[in-house]
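Trainee: Could we go through this protein together and ask, term by term, what each label rests on?
Mentor: Gladly; let us look at it first.

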Amino acid sequence: METEAKPKEAEPLCEDAEKVDTETTSYTDAGDATTQDSSISNGDDADGEQEMVDLKIIWNKNKYDLKIPVDNTGAQLKERIHSLTGLPPAMQKVMYKGLLPEDKTLREIKITNGAKIMVVGSTINDVLAVNTPKEAVQQEVKAEENKKEPLCSQKQHRKVLDKGKPDDIMPSIKGTKERLPTVPLSGMFNKSGGKVRLTFKLEQDQLWIGTKERTEKVPMGSIKNVVSEPIEGHEDYHMMAFQLGPTEASQYWVYWVPVQFVDAIKDTVLGKWQYF
């Protein structure tokens, strides 16, 4: 009788062990399933039901793969970039053929599979360290501008403007704002009256200022300020200065910039997240 009782006492232990094994296996499988779903969807589960687009996000020399609904807006893309990089949307400068508009969908912007999205941005501490001197420079410039006569009337600019509008200048479209063109802005004059072209190398975050003699490759982050003013009598073109150093003496002047690109140039060089 004792021999028959022992197996009966062992049965509950065996059942408990099976339950433990089952629960452990179930937990592990659930964990694997969660990990797999995360890598596939790269975000919301609802994304799988929508038309998706695969993007390459490039930030701070790092590359990220992102799958996102093509009908998401630029603002929603920034949120997804935030989840990938930890960079807050307000600190992001997102570029695809110019500064990415937040209110348009990726479909409207014509972003396609495999597109490279460039992201420029720094931590809050880094931005504060950079912005403080820039803000002081901006205030100084504005104060000086208020004291001075219009730029177009100043002698140093008149000698260039009096040459007249260049024959090969890009056409202007008054009353509109356009994103940066995919080709260099060319046909303009610099302060010496020579021809100059501007090329915006977004992948390198650089502005290339090219003349017949040479091409200067300027990091956009080093440009302290950008000022512009319509040319009197030709308000569909602007004269524009890129401040490359701490004072006005470092301004590089470009004349006959088509008005439709003025805002895009300022946004691309300075970034909308720089509040001054």
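What follows is a talk about the labels used for this predicted model.

Trainee: How many helices and strands are there in the protein?
Mentor: The protein has 6 helices and 11 strands. Buried residues make up 38% of its 276 residues, and the accessible surface comes to about 16400 Å², with 51% of that belonging to carbon and sulfur atoms.

Trainee: What share of the contacts with a separation of 6 or more comes from residues 24 or more positions apart?
Mentor: That share is 55%.

Trainee: Let us turn to the sheet. What is the order of the strands in the open sheet of 4 strands?
Mentor: The order is S2-S1-S4-S3, and the pairing is mixed. Strand S2 (62-69) and S3 each have a single partner strand, so they stand at the edges, and one side of each is left without a neighbour in the sheet. From one strand to the next, the twist averages 30 degrees.

Trainee: What makes strand S1 and strand S4 a pair?
Mentor: Two strands pair if there are at least two bridges between them. Strand S1 (residues 52-59) and strand S4 (residues 115-120) are joined by 5 bridges, so they meet that criterion, and they run parallel. Within this pair, Leu-55 stands opposite Ala-115 in S4.

Trainee: Which helix lies across S1, S2, S3 and S4?
Mentor: Helix H2 (residues 74-85) does, running at about 140 degrees to S2.

Trainee: How do you know that strands S5 and S6 pair?
Mentor: The count of bridges decides again, and at least two are needed. Strand S5 (residues 185-190) and strand S6 (residues 195-201) have 3 bridges, so they count as paired, here in the antiparallel sense. Phe-189 stands opposite Lys-195 in S6. The hairpin of S5 and S6 has 4 residues between the strands, and Gly-193 takes a positive phi near 90 degrees there.

Trainee: Where does S6 go from there, and how many bridges join S6 to strand S7?
Mentor: S6 is joined to strand S7 (residues 206-210) by 5 bridges, and the two run antiparallel. Arg-197 has Gly-210 in S7 as its bridge partner. S6 and S7 also form a hairpin with 4 residues between them, where Asp-205 in the turn has a positive phi of about 55 degrees.

Trainee: Which residues of helix H6 are buried, and what covers them?
Mentor: In helix H6 (residues 262-270), the buried residues are Val-262, Ala-264, Ile-265, Thr-268, Val-269 and Leu-270. Their cover includes strand S3 (93-95), S5, S6, strand S9 (225-231), strand S10 (234-243) and strand S11 (251-258). After H6 comes Gly-271, with a positive phi near 85 degrees.

Trainee: Why is Thr-105 called buried?
Mentor: Buried means under 20% relative accessible area. Thr-105 has 15% relative accessibility, so it counts as buried. Its place is in the loop between S3 and helix H3 (106-109). Not counting residues up to four places away in sequence, Thr-105 touches Val-70, Asp-71, Asn-72 and Thr-73.

Trainee: What makes Asp-71 and Arg-107 a salt bridge?
Mentor: The nitrogen and the carboxyl oxygen must be within 4 Å. The closest N and O atoms of Asp-71 and Arg-107 are 2.8 Å apart, so the pair qualifies. Asp-71 lies in the loop between S2 and H2 and Arg-107 in helix H3, so the pair ties together parts that are 36 residues apart in sequence.

Trainee: Why are Asp-71 and Arg-107 called partly exposed?
Mentor: That label covers values between the 20% limit for buried and the 50% limit for exposed. Asp-71 is at 41% relative accessibility, so it is partly exposed. Arg-107, with a relative accessible area of 40%, is therefore partly exposed too.

Trainee: How many salt bridges does the structure hold?
Mentor: It holds 8. One of them joins the side chains of Arg-158 and Asp-162, at 3.0 Å from N to O. Arg-158 has a relative accessible area of 28% and is partly exposed, whereas Asp-162 is exposed, because its 56% is over 50%.

Trainee: How do you know that Glu-216 and Arg-214 form one?
Mentor: Their closest N and O atoms are 3.3 Å apart, so they are within the 4 Å cut-off. Glu-216 counts as partly exposed at 38% relative accessibility, and Arg-214 is exposed at 57%. Elsewhere, salt bridges that share partners join Glu-51, Asp-71 and Arg-107 into one network.

How values were computed: Residues numbered from 1 in each chain as written. Predicted model: local features only at pLDDT ≥ 70, side-chain atom pairs only at ≥ 80, totals over all residues. Heavy atoms only, no water. Buried < 20%, exposed > 50% of the residue type's maximum accessible area, 1.4 Å probe, protein only. Contact = heavy atoms within 4.5 Å. Areas by Shrake-Rupley, 256 points an atom, 1.4 Å probe, with all protein chains shown as cover. Axes fitted to C-alpha atoms, helices over the stretch in contact; angles between N-to-C directions.
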